[in-house]
Amino acid sequence: MLKVEGLTTRYGSITGLRDASIVVQAGEIVGVIGPNGAGKTTLLNTIIGLLKPASGTISFDDADVTALTPEAMLRRGVALVPEQRRLFTELTVEENLLVAGITCKASDRHERMREIKELFPVLGERTTMLAGYLSGGEAQQLAIGRGLMSSPRLLLMDEPTLGLAPNLISTVFDLIARLREDGTTLLVVEQNARRLLEIADRVYLLRTGNVVSEATADAFRGRENLFDVYMGTSE
Amino acid sequence: MNVFIQQLVDGLGQGSIYALLALSLAVIFGVMHLVNFAHGELITISSYVAYGLSTAGYGWEIIVPAILVTSIIASMAIEFLAFRWVRGSDEFTMLLTSFGVHFVVSALFLMFVSPKPLNFPKPSWIFNTIKVFGINLEIFDIITVVATVVTLLITVWILQKTMFGITLRAASLDFDAARLMGVKSNSVIRGAFALSGALAGVAGVFWLMRTGTAKPDAGLTPLLFGVIAVIAGGLESLSGAVIGGFALGIVQVMLRGYLPSEISGLTEGILFVLLAMLFIVRPQGLVSVSRAERV
Amino acid sequence: MKERLLDRWVLPLGGQLVLIVILVVGGLVYAAMGGSGRDLLMTQMFINAILVVGLQVYIGNTGVLSFGHMGFAAIGGYVVALLVIDPVVKHVIIPDAPFGIVDIQMGPLAATVVAILVVVFVAFFVGLGLIRSVRYAGAVAATMITLALLFLVREMAANFVTLTAGNRSGLSFGPGQGLQGKTWIYIGLVFAVLVARMFRESRLGRLAQAMRDDDLAARAMGVNPAIPHMAALLLSVALVTVGASLRVLSLGSMTPNFFFFDFTLLTLAMLIVGGRGSVTGSLVGVAVITAGTEVTRVLAGDSVSVPGLDWLLRPGLSALFLGSAMLGFMLLRPQGILGDREVEDPLRRRLRKRATPPEPPTSLPELGDVRLVTHNITVRFGGFVAVNDVSLEVGVGEVVGLIGPNGAGKTTLINAITGVIQPNDGTWRLGDHDLAGLPSFQVARLGIARTFQNLRLFKSLTVRENISVPAIVAARHRRERTVADVDALIFAVGLWDDRESRAGDINYGAARKLELVRAAALAPEILLLDEPTAGMWEADSVAMVSQIRQVASWIGAGVLVIDHDLHFITAICDRIYVLDQGEIIAHGSAEEVRADSRVQAAYLGTDDPTG
């Protein structure tokens with residue numbers, strides 16, 4: 001479904017990617033793990049078209065989408081839930097969802113919003129509240145809800161559990177599993193590697209811009225020295 | 001007391017024009033961090049349209065809509081011709097670009113129309129007064145204030161209730177996040193320029209009714225007052241711009257009215273001192289939007 | 001010693017003198033070929049050069065665009081005109097002027113001095129507002145304040161008729177009262193250009209440029225943001241006043257529109273087109289724009305006719321030229337013709353290339369046992385607790401690690417210690433000094449230097465100049481512990497060949513090293529390194545380990561290293577703190593920390609959702 005080949009980026013001091021390649025098949029949950037500064041966020045931002053790669057190609061459904069804008073990617077069925085959520089804090093919950101539905105047909109927008117509110121009942125209760133006043137868990141649900149407004153076939157998620165309490169982390173992972181059952185393919189960047197390994201089909205390990213390892217989640221989970229592999233403290 | 005109320009209404013009338021201009025500047029600043037110096041040109045261009053139509057025998061009932069349309073089109077045209085190319089540049093590059101546009105436009109009028117001011121008739125009712133509770137008020141001031149309030153209400157409606165308005169506010173808060181949601185940079189920026197042009201158009205109507213003059217720098221003075229209003233209110237706040245505009249108008253009129261005549265020439269000096277004091281005490285303007293320092 | 005003299009004085013100032021001679025001779029030759037109109041034009045060009053160079057001192061060094069300088073010029077111009085004009089004349093044109101000014105008379109020189117004092121006085125208060133705006137509302141807001149100044153000065157001049165004689169007549173000098181000859185103009189020109197050039201090389205100038213490139217980093221290097229900005233402003237308006245005085249004296253009158261929008265455009269176009277970053281650029285801009293306006297003026301005159309183009313060649317063409325020049329440069333080359341290059345740069349570079357590598361640095365005198373101690377620091381952002389009750393200690397001579405997953409609060413903690421943000425709770429001290437409530441530049445001066453995770457170098461300054469910024473601060477505020485030889489530091493970490501390159505142009509690994517030595521040049525007691533190897537290749541980060549140790553031992557500092565790379569941290573640190581969700585969850589040797597189950601859970605998450 002998604003194929004990234006030889007992606008290299010250069011942006012001043014932002015951590016770049018060096019010749020990174022990944023593949024996502026339809027119906028999979030694919031994880032990307034690695035320490036800070038490994039280039040995970042850069043990878044997602046480049047796929048969605050917010051950043052332009054220096055070299056390398058990205059294809060989606062066998063079409064080249066390397067130079068497309070986020071707007072064009074959304075229309076093709078790819079959406080991103082960004083790191084730190086990036087909610088419009090001075091807009092209401094409903095307005096946040098509406099903006100995220102800008103690529104939908106105007107007639108479908110409210111219907112889609114109703115579905116999202118069913119999926120996240122708490123958003124239905126907070127419709128007119130400013131997004132800046134939501135609690136961490138609610139804010140994350142809104143962030144994911146925004147990502148789903150365009151009914152994407154492939155959802156990219158960047159650190160969806162960052163800063164959440166443990167019980168909320170479970171909720172998010174349950175949700176990810178449920179989204180897959182509903183037919184959404186997911187590419188998830190996550191620091192909570194153990195939990196990600198439980199639900200992911202395959203995982204890529206990134207370190208300083210390189211894909212250093214790719215394996216099925218089971219194979220990763222089996223490694224005794226997962227921590228050291230992750231941190232690079234053993235080779 | 002009567003004099004005070006007269007002054008207050010006069011100040012509100014002046015302030016209306018500043019508020020509209022300040023708001024129109026703030027709308028653009030919000031989406032692209034450009035202080036649009038070329039905004040005065042919308043009034044300049046409108047002034048020649050008004051002059052042309054008026055010489056051709058049309059009355060204000062035609063001129064007013066013509067000014068609004070001109071202003072919107074000119075605003076979008078300037079964006080298309082100049083600002084599109086410096087989008088994302090640093091703020092000073094954009095600022096100087098708009099400065100350049102200002103001089104090019106006024107030079108073109110100077111060269112190809114006339115360097116001299118061209119006068120056209122003001123509306124006949126402009127100096128009429130009306131007695132309200134025994135106080136003589138200028139009809140023009142009242143109409144200006146009412147029209148401004150209506151315009152502001154419409155603007156609030158657009159910003160709050162239309163998809164375009166919500167998108168515009170989202171893009172002002174976080175442009176990249178808005179792009180991630182599928183907002184097209186082009187449409188939101190063009191839309192902002194159109195809205196901004198409309199607001200400047202309304203301000204232009206009243207400014208030109210009052211001055212009745214077309215000249216190459218007709219828009220300069222109102223623009224500068226608009227800029228002062230928008231920085232006094234706080235560059236990043238739409239409500240601040242409106243408040244700044246009204247405050248500026250009222251303070252200016254009050255200073256003129258109440259300063260002893262020997263030093264009435266100091267009005268603008270005192271205005272600047274007040275402004276400088278405001279920036280020393282509240283550098284972010286009257287209505288501040290918190291700017292988190294990012295490390 | 002001779003080379004130092006050449007480098008610091010002879011080449012920069014000599015270069016400018018050569019430029020002045022070229023400008024003046026060129027101008028005089030052109031004037032000699034034509035009538036008095038040309039002579040007047042050239043006189044004005046020389047005066048404009050003074051004004052533009054004055055503008056450059058502020059705009060070039062602080063990076064803040066000012067529309068207001070012509071407002072200051074207008075104030076200066078009025079003071080000069082009011083003081084110089086014969087009382088007899090004043091009794092006719094402004095009989096009711098306040099402040100008893102009608103009966104005062106001064107010579108041009110004395111009047112200029114008074115004008116400078118008045119303008120500097122006004123500029124001081126405007127400057128307070130500007131400095132605070134730059135800091136809290138952004139540089140554009142400051143620019144808008146300068147615009148307000150320009151506009152309101154002009155409005156006041158037009159309306160305060162009893163003093164200024166208003167818009168139409170203005171203040172006219174009696175016959176023979178203005179400036180005779182060009183001697184004073186030449187003196188003013190040489191003075192202004194040399195002063196501007198010297199300021200660019202001066203300590204205050206360097207600090208202003210550092211602020212311009214990155215004010216947060218400059219403050220972290222101990223630069224008080226207000227001082228260099230104010231110095232640049234006051235010097236700049238003083239030079240502008242000299243130019244304004246000469247302009248008024250040479251033209252023999254003063255009106256409100258004399259120093260208003262059109263003249264602001266002219267002078268700004270000169271500065272921007274030539275290159276606002278350098279004095280050479282200003283002078284080139286003056287020549288180019290003067291030539292351009294003169295050509296367009298002649299073309300637009302009646303005497304020239306170009307078939308097919310006559311529709312364009314009409315009065316106003318010069319204004320169109322100016323506007324288009326500004327617009328064209330902004331769209332195509334916003335840094336101007338020269339950017340920040342000076343005429344003598346090639347010569348200087350050759351001179352500097354010859355320098356021999358210095359001796360290795362000598363260690364600084366040993367410190368007593370100074371410790372950075374934080375006690376229960378808590379930082380909240382709204383309801384979110386970013387740092388919770390953190391206590392840690394770093395002493396001189398130690399290398400201590402601080403690790404934790406993304407979002408753990410590591411950088412927030414460093415920001416709190418260095419005064420970038422103020423914690424909600426807790427105490428933190430360096431030795432005997434309580435650091436609570438101190439702005440970051442004072443924390444730096446007391447002996448805590450830091451680096452930044454996402455490089456914050458002074459990009460347009462060279463490697464040496466970058467390091468000179470903390471060295472300048474240290475020489476003044478940390479006398480007992482000044483790093484004697486900046487070059488030795490540069491050489492020791494392997495930046496010698498890059499020393500004259502701009503920090504923005506060197507490669508990533510070199511930039512990381514520069515962050516390190518720049519902080520070290522402050523000769524701090526404690527170095528806080530925020531992810532010194534972020535984004536580096538493995539091999540480079542290994543080299544970085546030894547460099548950090550080396551640098552720390554020279555300056556005798558204690559080091560707190562933040563990193564996510566445990567491999568790196570293990571190699572460098574004596575002991576390690578682990579931060580997660582804002583709290584210290586472990587503390588000990590690398591081995592202890594690695595084996596800690598809470599640490600593993602923090603990084604990888606837990607299998608058990610309830611744990």
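Does Glu531(C) count as buried or exposed, and at what relative accessibility? In this predicted model, Glu531(C) has a relative accessibility of 3%, so the residue counts as buried. The backbone is worth a look here too: Glu531(C) is not a glycine, yet its phi is positive, at about 50 degrees. The residue belongs to the loop that runs between β9 (526–530) and α21 (538–555) of chain C.

With a relative accessible area of 30%, Asn376(C) is partly exposed, whereas Glu531(C) is buried.

As for the chain around these two residues, chain C is built with 24 helices and twelve strands. Its C-alpha trace spans about 90 × 55 × 55 Å along the principal axes. Chain C has 611 residues, and 59% of them count as buried. Looking at contacts in chain C with a separation of 6 or more, 75% come from residues 24 or more positions apart.

In one, the charged end of Arg518(C) sits over the ring of Phe458(C), at 4.6 Å from the centre. In the other, Arg456(C) lies over the face of Phe452(C), with 5.7 Å to the ring centre.

Next come the pairs of rings. Over all chains, the structure holds 21 aromatic pairs. One of them brings together Phe103(B) and Phe261(C): the ring centres are 5.9 Å apart and the planes meet at 25 degrees, so this pair is stacked, the cut-off being under 30 degrees. Phe103(B) is part of helix α4 (residues 91–112) of chain B, while Phe261(C) is part of helix α12 (residues 261–274) of chain C, so the pair joins two chains. Both Phe103(B) and Phe261(C) are buried. The two rings also belong to a cluster linked by ring pairs, made up of Phe37(B), Phe99(B), Phe103(B), Phe67(C), Phe260(C) and Phe261(C).

Within chain B, two helices come together. The axes of α5 (residues 139–161) and α8 (residues 185–211) of chain B approach to within 11 Å and cross at roughly 180 degrees. Since an angle over 145 degrees counts as roughly antiparallel, that is the description for α5(B) and α8(B). On the α5(B) side, the contact is made by Phe140(B), Asp141(B), Ile143(B), Thr144(B), Ala147(B), Thr151(B), Thr155(B), Ile158(B) and Leu159(B). From α8(B) come Leu195(B), Leu199(B), Val202(B), Phe206(B), Met209(B) and Arg210(B). Sorted by class, the contact between α5(B) and α8(B) has ten nonpolar residues, three polar ones and two charged ones.

Chain A meets chain B at Glu71(A). Setting aside neighbours within four places in sequence, Glu71(A) is in contact with Thr103(A) and with Arg179(B), Gly182(B) and Lys184(B). Glu71(A) is placed in helix α2 (residues 70–76) of chain A. Its relative accessibility is 10%, so Glu71(A) counts as buried. Gly49(A) is 22 residues away from Glu71(A) along the chain, and their C-alpha atoms are separated by 8.5 Å.

Elsewhere in chain A, Met1(A) lies in the segment before β1 (2–8). Not counting residues up to four places away in sequence, Met1(A) touches Val24(A), Gln25(A), Ala26(A), Ser59(A), Phe60(A), Asp61(A), Arg153(A), Leu154(A) and Thr185(A). From C-alpha to C-alpha, Met1(A) is 18 Å from Ile176(A), a residue 175 positions away in sequence.

Ala177(A) lies in helix α7 (residues 166–181) of chain A and is partly exposed, with a relative accessible area of 23%. Its C-alpha atom is separated by 16 Å from that of Asp158(A), which is 19 residues away along the chain.

Technical notes
Residues numbered from 1 in each chain as written. Chains lettered and ligands numbered in written order. Predicted model: local features only at pLDDT ≥ 70, side-chain atom pairs only at ≥ 80, totals over all residues. Heavy atoms only, no water. Axes fitted to C-alpha atoms, helices over the stretch in contact; angles between N-to-C directions. Helix = DSSP H or I, 4+ residues; strand = E, 2+ residues; numbered from the N terminus. Parallel < 35°, antiparallel > 145°, perpendicular 65-115°, else oblique. Contact = heavy atoms within 4.5 Å. Nonpolar A, V, L, I, M, F, W, Y, C, P; charged D, E, K, R; others polar. Phe/Tyr/Trp six-rings, centres within 6.5 Å; stacked < 30°, edge-to-face > 60°. Buried < 20%, exposed > 50% of the residue type's maximum accessible area, 1.4 Å probe, protein only. Lys NZ or Arg CZ within 6 Å of the ring centre and 35° of its normal.
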